[in-house]
Amino acid sequence: MDTILSVRDLGKGFYIHDRAKHVPAAMGISFDLKPGQLTALVGPSGAGKSSLLKAIYRTYVPSSGQVIYRTAVGDLIDLASAPETQITDLRRAEIGFVTQFLHCLPRLSTLDVVARPLLQQGVARDAAHEKAARMLAALAIPEQLWDATPATFSGGERQRVNIARSFTQGGRLMLLDEPTASLDPVARENVCAMIEAAKAEGAAMVGIFHDMALADRLADLKISVGRKAFEDAA
Ligand SMILES: Nc1ncnc2c1ncn2[C@@H]1O[C@H](COP(=O)(O)OP(=O)(O)OP(=O)(O)O)[C@@H](O)[C@H]1O
């Protein structure tokens with residue numbers, strides 16, 4: 001099967017303007033990813049894992065390297081340098097980012113929050129709600145809460161609503177930033193099952209997992225991320 005993502009020497013550093021100094025983050029990493037595969041970024045705290053994941057999603061502009069993505073229609077696009085409009089279109093239709101933090105509009109019901117990305121893609125309301133309900137049930141959010149706003153939920157419930165929303169939208173490429181952090185063992189297992197199901201359906205994923213047993217279970221490839229030495233900062 002064709003490679004969907006080809007990352008070459010991707011690195012990220014920061015320039016702190018008010019201190020006029022460079023802060024090195026991650027050294028360049030390279031890997032290829034096919035549909036149905038998961039690459040885990042592993043390494044100590046501060047190594048630059050999140051920065052690299054954000055550089056793939058283009059929340060951050062990479063400092064070096066290429067992120068060649070093969071679109072659904074077979075075009076090859078370098079996410080490191082593509083125009084913002086193209087990045088926005090790909091995020092809407094093909095590339096998802098899963099974090100542990102839920103930022104939601106107040107007053108929207110949980111079911112609407114989770115179904116929203118599908119509704120925005122033009123999916124019919126019933127179909128969007130049906131899929132959202134399936135994901136909420138799979139993550140054990142009690143049905144009695146689905147018409148309440150998640151703004152008042154516990155931290156773990158909000159995290160699960162956020163994951164349900166991301167997986168309801170899905171994507172050919174999904175970027176997972178510690179999706180199981182601070183979940184209890186049952187919820188963690190539910191999220192793992194969701195990740196495995198998405199892989200089986202052909203989603204390609206890049207994920208950060210602090211739990212090595214989880215990385216071993218879910219990942220087809222593990223990439224060690226290391227921070228550049230400060231004196232090497234460019
Ligand atoms: N926007 C930013 N501006 C300046 N420095 C940043 C920015 N984002 C990240 N950094 C710095 O880059 C370094 C790497 O951070 P990053 O969050 O990528 O590490 P990480 O490996 O994901 O860490 P953790 O496992 O603790 O989440 C840190 O020193 C951090 O302060």
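Some ground rules. This is a predicted model, where local features need pLDDT of at least 70, side-chain atom pairs count only at pLDDT 80 or more, and totals for chains, interfaces and linings use all residues. Residues are numbered from 1 along each chain as its sequence is written, and side-chain values use heavy atoms, with hydrogens and water left out. Helices (H or I, at least four residues) and strands (E, at least two) are DSSP runs, numbered from the N terminus.

Let's stay with α5. This helix has 15 residues. From first C-alpha to last, α5 reaches 21 Å, close to the 21 Å expected at 1.5 Å a residue. That expected span is 1.5 Å times one less than the number of residues.

Next, burial. Buried means under 20% relative accessible area, exposed means over 50%, and partly exposed is in between, with a 1.4 Å probe and protein chains only. The buried residues of α5 are E157, Q159, R160, V161, N162, I163, A164, S166, F167 and T168. Their cover includes β6 (95–98), α3 (110–120), α4 (125–138), β7 (173–177), α6 and β8 (204–208).

Now the partner helix. The axes of α5 (residues 155–169) and α6 (residues 185–200) come within 12 Å and cross at roughly 10°. That makes α5 roughly parallel to α6; the label applies to angles under 35 degrees, while over 145 is roughly antiparallel, 65 to 115 roughly perpendicular and the rest oblique. Axes here are lines fitted to C-alpha atoms, for helices over the stretch in contact, and angles run from 0 to 180 degrees between N-to-C directions.

Who touches whom? Contact means heavy atoms within 4.5 Å. From α5 come R160, I163 and F167. From α6 come A187, V191, M194, I195 and A198. The residues of this contact divide into seven nonpolar, no polar and one charged.

On to the core. A nonpolar core is a set of buried Ala, Val, Leu, Ile, Met, Phe, Trp, Tyr and Cys residues joined through side-chain atoms within 4.5 Å. The largest one has 38 residues. L38, F167, L176, I195, M205 and F209 have the most contacts inside it. At least two residues each come from β3 (38–42), α3, α4, α5, β7, α6 and α7 (212–218). The largest share, six residues, is from α6. Take L176. Leaving aside neighbours within four places in sequence, L176 is in contact with L38, L53, V98, F167, I195, M205, V206, G207, I208 and F209. There is also a second, separate core of 32 residues, which includes L53, Y57, L175 and I208.

Next, α3. Eight of its 11 residues are buried, so α3 is largely enclosed by the rest of the structure. What covers those buried residues includes α4 and α5. Just after α3, G122 takes a positive phi of about 95°.

R58 has a phi of about 70°. R58 sits in the loop between α1 (49–57) and β4 (64–70). R58 is buried, with a relative accessible area of 8%. Beyond its neighbours within four places in sequence, R58 is in contact with L79, A80, S81, A82, P83, E84, I87 and R91. A140 has a phi of about 60°. A140 lies in the loop between α4 and α5. A140 is partly exposed, with a relative accessible area of 43%.

Terms used: Ala, Val, Leu, Ile, Met, Phe, Trp, Tyr, Cys and Pro count as nonpolar, Asp, Glu, Lys and Arg as charged, and the others, Gly among them, as polar.
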